[in-house]
Amino acid sequence: ALKLRAGDKHCLVARSKCYLKLGDTENSLKDAEASLQNDKTFSKGLYQKAETLYTMGDFEFALVFYHRGYRLRPELQKFRLGIEKSQEAIVNCIGSPSSVKLENKEDLCFVSRQAESKKANQNLSVKLTKDQKWARKQEPVRNPKTERQLLGELYADKAYLEKLLKDKDLMESSTKQGIKVADLVLSGISYLDTRSEFWQQQKPIYARVRERKLRQQRWIRGKKQKAAEAGRYVVKSMEDIDRLLTGDSPEESCKKAERVLKTLQGWSDDDIPNKKELIGNLHSCIGNAQLEMGQMEAALQSHKVDLELARQNDLPDAVSRALDNIGRVYARIGKFQQAIDTWEEKIPMAKSSLEKTWLFHEIGQCYLELNKAEAAQNYGQKSLQSADEEGDAEWQLHATVLVAQAQVKLKDYRSAIVNFEKALEKAKLIHNEAAQKAIIIALGDVSKSFFEELNRREETRVYSLKDCDLSGEHTKADALEKCRARAESERSAENQEGDERKEGAGSYEGERGDDEEGGEERENEEKESEGEEQRGAGKKQ
């Protein structure tokens, strides 16, 4: 292109860029200056010359041409970036600008220092003598640690070239073109030294250390940001899992929990600090979903995995949760003794009165299912005490019903009626109609059993009167007196029981009223018959 259109400024800039890519800064600078020969305001030429000067290490002159281009084309971002990087390089080399005072005594010719030194050296011999070459080999080298930091990956190349210099036979040999190997090796080392000096000026070691610290800080910030994003993902997923489970979608909840668990297991502990705790929580969610789906064995296994992880990582809250869930599964499948053992292990871990209320109630229910009424009554009273401490009316209702049920099993019908009536009052207080109906039915059954027990006692009393020994005239009066006293004591005990029954089962007075009226009529009839018998006996006399 330059042969067809000699001096074309665009072609010169393009070739200058190629020279700069190849590391030939001299020819790159020549083409850049040639592009500005006829047009000093050519922005591409100004930028290319500034870039070349910057690469050569002439940061001050590069800054001048960056400023020239910025004044001509302020809308171009590349000039502003060039100004910033040149100023930073200058500060890295000589310190803050406030510590340097420049004096303008003569006109400044904006010529590269390396170009001037090149022109000055053209009058001298370019080739080094053999003594100069070997003298150069003897020059002290930089600190290897510093050079390693400056050269980076090129440090291994320089070390290899320096190792070749020790092979004198190789250094004395020549290539097919007649160039000595020593010259090639030395030129390579010289180029690497030049690069090292340039990078030292552009970015000294202290600047690299600072940059490394900044990168580390950015990495830490990125890590924290990633952990925050992961935390938000986990929280959102757990909310979705709970929502699906409470919304009668256990299958979807289980699938969601399994997907989140698989994702969580692929992350490192650094990404999620409480990873193990979250894994256990997900196993718990999966177990609850499986329980709702009727998969009892799978649910039990999931909760046991949760318990094992909690114990391995010393997580007391997770241990308590796992024991709670395992007890639920055992109770659901009818293994009441295993449920009792599991829940009794959890009792010391209960933190609130409400939690103890539920725990004692469930243990009492299991004992009731095992026909251990005394233990059921004991845990029911404990549950009622904890519910009273918490002031929870609903759990007071449940605990009272449990105590009454245990007393029915123990055939303590009088106490059972009293507790059922208390439970009925609690059910009315919290407007639980279903509980009211169930308690009324239970009261009817208990009252019926209580009346049957009283009738059995009445029959026992009658039989005991018949068994009184009235034989023998000398003992007849004494025997009658003993039987009368015994009957009176039993009658007074029955009357006392009847009064208490009326007070304790007041809700059933209407039902028993008819029976009492019938009893009065029978008594009147008996009295009338006794009167007729007495009148008949008088007539006979």
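Modeller: Let us begin with Glu88, which lies in helix 5, residues 77-94. The model is a predicted one. Glu88 has a relative accessible area of 47% and therefore counts as partly exposed, since that class lies between the buried limit of 20% and the exposed limit of 50%. Phe59 stands 29 residues away from Glu88 in sequence, while their C-alpha atoms are 9.4 Å apart in space.

Helix 3 may be considered next. This helix covers residues 43-56, and its 14 residues reach 20 Å from the first C-alpha to the last, close to the 20 Å expected at 1.5 Å a residue. Helix 3 is mostly covered, with 12 of its 14 residues buried; among them are Leu46, Tyr47, Leu53, Tyr54 and Met56. Gly57 follows helix 3 and has a positive phi, near 95°.

Asn371 has a positive phi near 60°, and its place is the loop between helix 18 (353-369) and helix 19 (373-390). Because its relative accessibility is 57%, Asn371 counts as exposed. His431 likewise has a positive phi, of about 60°, and is found in the loop that separates helix 21 (413-429) from helix 22 (433-466). With 67% relative accessibility, His431 is therefore classed as exposed.

Technical notes. Residues are numbered from 1 along each chain as its sequence is written. This is a predicted model: local features need pLDDT of at least 70, side-chain atom pairs count only at pLDDT 80 or more; totals for chains, interfaces and linings use all residues. Side-chain values use heavy atoms; hydrogens and water are left out. Helices (H or I, at least four residues) and strands (E, at least two) are DSSP runs, numbered from the N terminus. Buried means under 20% relative accessible area, exposed over 50%, partly exposed in between (1.4 Å probe, protein chains only). The expected span of a helix is 1.5 Å times one less than its number of residues.
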